[in-house]
Amino acid sequence: MSKMKDIRLFKPSLGKEELNNIKDTFDRSWIGLGPRVNEFEEKWAEHVGAKVAIGLNSATAALHLALRVFGFAKGKKVLVPSLTFSATASAVLYNDLIPVFVDSDPVTLGISLKDLEKKYDKDCVAVIPVHYCGHPVPIDLLFPWAKEKNLKVIEDCAHTTGSKYKGKSLGTWGDIGCYSFEEKKLMTTGDGGMMVSNDPELLKDVKAMRWVGIDKDNWKTAQAYTDANKDAMHWFYEINVLGYKYNMNDLAASIGLAQLVKLPDMNARRSAIIRMYLDGIKDIEGIDPLLPFEPENYVYQIFGIRAEKRYELMIYLKSKCIATGCHYTPLSMQSLFKPYAHDCDFIEKEHYKFITLPLHADLTDEEVDYVIEHLRKFDK
């Protein structure tokens, strides 16, 4: 197969449906926090089977507020995997809490339940399991363990869109679930996030917290400015909680609503691509799947491999216009988090084998075959 044009690592799948929704929002001349956000929240809650969903401008914001709602005392500890994006642990620091880094399961690369038990102490108040790449943490085991110790469970679902695990959507097992719609994720709003819970009381202040402390429907308020009634206090609001500028806007939500309709097809395409990869690399020496992918059962945002000659292979693939990456350098090795580092020996050694390969819904069979062909050629 001849050399191809650049094969991207990640790419949003966008089209006329998103543009039509954006045009509708433009025509309404309301692009801030408004009715589209409300609609998207309702549809997302229905999608994952949650009682309440709240749209935000990122999953980072969702993680920050998810910890914030519990009002933990300063200096308490939160258990987080070392193998995750910085936002998982940064949210802990935003709340004046201490991250406790937990090693990875050698097979799934999710948070190690064995190391979790080892790292727990009486100062721990919460645990944030990350469904890494989209592969489920055994949340059916983790959740009762956490409840026994009175730990709150916040699911980091940045790599999943609510795959069912034992009949229940990821993100709805814990106290709060946090999702990402950043541009490279399974679906996108450009940038954006969502938090969900089956305990509406738990999130009762979040709409104020995401909008500088004000809990009002801006769209309805604006309409009331010209209502023919004798109420001159339509503009009035009160601030009772410390808030942030974390709200989703109607432009983002309009994209998200179109993406949500396309999500089943995009997920099916991703699963088909992963199956092609798995079949194509199964007999290549020195290369193994990053984790035990089950594309027929779960949706994955990331596909990768473990390679003994990572650097040589990455340079070779680069020379063939194939983009690669690594997800991630363990946080316990990053300068910012070293003061909080704990023994995460397995992942700190193993991550040097990780290579992320191209995966997005617009990837063609020809492109996947081209990647596999060059993995084979490198092996030879």
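Figure 1. K76 is partly exposed at 27% relative accessibility (buried means under 20% relative accessible area, exposed over 50%, partly exposed in between, with a 1.4 Å probe and protein chains only). D123 is likewise partly exposed, at 27%. The two side chains meet in a salt bridge, 3.5 Å from N to O (a side-chain nitrogen of Lys or Arg within 4 Å of a carboxyl oxygen of Asp or Glu). K76 lies in the loop between α3 and β2, and D123 in the loop between α5 and β4, so the pair ties together parts that are 47 residues apart in sequence. Helices (H or I, at least four residues) and strands (E, at least two) are DSSP runs, numbered from the N terminus. The model is predicted: local features need pLDDT of at least 70 and side-chain atom pairs count only at pLDDT 80 or more, while totals for chains, interfaces and linings use all residues. Residues are numbered from 1 along each chain as its sequence is written, and side-chain values use heavy atoms, with hydrogens and water left out.

**Figure 2. The salt bridge between D365 and R269.** These side chains meet at 2.8 Å, N to O. D365 belongs to helix α12 and R269 to helix α9, so the pair ties together parts that are 96 residues apart in sequence. D365 is partly exposed at 39% relative accessibility, and R269 is partly exposed at 21%.

**Figure 3. Salt bridges around K16.** K16 pairs with E17, the closest N and O atoms being 3.7 Å apart. K16 is exposed at 58% relative accessibility, whereas E17 is partly exposed at 32%. A network of salt bridges links K16, E17, E18 and K262.
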